[in-house]
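Let us walk through this structure step by step. We start with a pair of helices and end with the domains.

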Amino acid sequence: MRILFFITTLLFIIPNMFGQKEYRLNSPDGKLEVTLYIGDRITYELTEEGHTLVAPSPLSVHLDNRTVWGNGSHLKRVSHRQANEVIPSPFYKRSEVKDVYNEMTLSFREHFNLIFRMYNEGMAYRFAATGNRPFKVTNEEAAFNFNKDYKSIVPYVKDGDKQPIEAQFSNSFENTYTHIELSGLNPQRLMFTPVVIEQENGRKLCIAESDVESYPGMFLINRNGGTALTSAFAAVPKTKKQGGHNQLQILVTERENYIASCQPKAKLPWRIIVVARNDKELADNDMVYKLAAPSRMKDISWIRPGKVAWEWWNHWGIKGVDFEAGINNETYMHYIDFASRHGIEYVILDEGWAVNLKADLFQIVPEIDLKKLTAYARQKNVGLILWAGYHAFARDMEHVCKHYSEMGIKGFKIDFMDRDDQEMVDFHYRAAEIAAKYKLMVDFHGTYKPTGLNRTYPNVINYEAVHGLEQMKWSDIHTDQVTYDVTMPFIRMLAGPVDYTQGAMHNANKRCYHSSMDTPMSQGTRCRQLAEYVVFESPLNMLCDSPTNYDREEECTEFIATIPTVWEQTIAMNGEIGKYITMARRKGDVWYVGSLTNWDARTLTLDLSFLGAGRWKAEMFHDGVNANRLASDYQKTVTDIPASRKLTVKMAQGGGCALKIYKE
């Protein structure tokens, strides 16, 4: 369904005492309002029912010919439209997305438009070129001014305190969150989005972006120690060298004096401010997806989300077999057998199947016979996915995709991009397009946060850009993964799916946890790991532990192996950033509910009124009575859902609870 209303008008123009003109746009429900002030500069102000959310903040785009869109620009006309659309979303947290907004487009003589959209859940704007010539952008000013010293929840670039700002543009986009007043943010450290600003009465603002195509991603920085955040962008690479992890990265050694080289009619990314009246609204927001470019794929019937048996996290940790476990055919056939027994759709060959230090995906180690493995997996109804370092994939991606698609490989997990300048963003689009041509799925690992590419190319099935479970292989107890797990779903997950790689069967509380590369463990309880398959959005979802450990834990393995990875409906039931969260997701007639808590034991009463009429049962995995001491302790019970639709769950320290709910 699509309903659009177009009006070209010069209404809503209010001259003020400074010679500026004001243009206002409201959300469909009338609660949010953005005011544009057009004069020597362009500034915007965002309010909610008279309360200032974002104080007047400038926005502009600087070009290399010294033109500045937004400074001294001359307005030609203003047009308005309303939209009420339904977007199909086949590999997402709901089967369709309602897209309802009011839009205002301001057209300027300097060959650009400024487009604002107002949703009930937030605001977005973008610049769009209208001229017929290519142009270069030297800087874009996106400012977010606040009239109070609010607290923020931000992910700094990791180790940015040890690097100059220019070096921070190359990073893994993985870090825990810092909770601090705006004025206390380090002016020498970049933050990557999304970030959250806490305001009065439980209201939260989340700054994000969408539809970042042929343009760098946006970082944020507090440059002067005040209460304003401003944008920062990596410039286009000028000189580079091969290096980094196993010679699989391209490292920038010098950058140009511009951030993007753009084609005529180019549309710059959407800048987003999500407005949430409570924390749980952040955990289920669709603005990034709605603002992304529509799908460019005609045929998506071959895309098959699912779960992946994964060997890297558990370090090929198989016991009780008559071969030496490692990167060899016998090991991967064992993983394929395990996946086949449990209906797991894929097995991944992570780093090591291609010859090290060559950055060449056609040089395969002698212990691996990919054709034999692919044929064996096909017999077992299991697909194979290959890990690929960035440079090894990028240098000849058409040949790589064609060759391995013809062999029967189902997708690539591409790793170690670690940048989001224009060149790297272009790579992501090119990789998605070419992979789609050969019917290959893509999991972008070692990359920046999603900005809607998974809508534009639905074969992009997952993204990392998360401080995931892999960190537990080398982090000490001072890395608080448990608190991160109940923070990330409100912030990072707002941008899109997460390749977090949960599923650990070796679980530890604070006293017992330690890092281990060979026998890794999770922080928190066993039920926490199960609940993360519900709480975290992840269309391609890893089982990180060893078949040996899963075979020993049949009940947990069955729950993980059979849980869906894409959904028809999602509900954020409750939550408070950094403390707890509960998500409910439906596939067909079956609901799954997952709850997580921080290091505080917690009792929650869940409101299951969304189930509707009828008699319902729940298979419930909940923390055992000894889970505070032995994190792997759990109980599985089957219970009737009360007529009141209220169900109480108890979680241990660092605990969780997972439910499968079905009609009798």
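Is the crossing of α4 and α5 left-handed or right-handed? The model is predicted, and in it α4 crosses α5 in a right-handed sense.

Look at the geometry of this pair. Helix α4 spans residues 329-342, and helix α5 spans residues 370-379. Their axes come within 10 Å and cross at roughly 15°. Angles under 35 degrees count as roughly parallel, and α4 is therefore roughly parallel to α5.

Next come the side of α4 and the side of α5 that touch. From α4, the contact draws on Asn 329, Tyr 332, Met 333, Ile 336 and Asp 337. Across from them, α5 supplies Lys 372, Leu 373, Tyr 376 and Ala 377. By class, the contact of α4 with α5 holds 6 nonpolar residues, 1 polar residue and 2 charged ones.

Now move along the chain to a second pair. Helix α11 covers residues 526-535, and helix α13 covers residues 554-562. The two pack at an angle of about 15°, and their axes are 10 Å apart. The crossing of α11 with α13 is left-handed.

Which residues make this contact? On α11 they are Arg 526, Leu 530, Tyr 533 and Val 534. On α13 they are Cys 556, Phe 559 and Ile 560. The contact of α11 with α13 has 6 nonpolar residues, 1 charged residue and no polar ones.

Step back to the domains. The domain assignment gives domain 1 as 19-289. Domain 2 is assigned in pieces: 465-509, 528-538 and 560-663. How far apart are the centres of domain 1 and domain 2? Taken over C-alpha atoms, they are separated by 31 Å. The two domains touch: 27 residues of domain 1 are in contact with 31 residues of domain 2.

An unreviewed entry places "domain: Glycosyl-hydrolase 97 N-terminal" at residues 25-294. Over residues 25-294 the chain is 51% strand and 5% helix. The end C-alpha atoms of that span are 25 Å apart.

The unreviewed entry also carries "domain: Glycosyl-hydrolase 97 C-terminal oligomerisation", at residues 566-661. Residues 566-661 are 59% strand and 0% helix. Here the end C-alpha atoms lie 17 Å apart.

Terms used. Residues numbered from 1 in each chain as written. Predicted model: local features only at pLDDT ≥ 70, side-chain atom pairs only at ≥ 80, totals over all residues. Heavy atoms only, no water. Axes fitted to C-alpha atoms, helices over the stretch in contact; angles between N-to-C directions. Helix = DSSP H or I, 4+ residues; strand = E, 2+ residues; numbered from the N terminus. Parallel < 35°, antiparallel > 145°, perpendicular 65-115°, else oblique. Left-handed = near helix turned anticlockwise from the far one by under 90°. Contact = heavy atoms within 4.5 Å. Nonpolar A, V, L, I, M, F, W, Y, C, P; charged D, E, K, R; others polar. UniProt positions renumbered as here; feature names shortened; annotations may be inferred. Domains from an automatic or database assignment.
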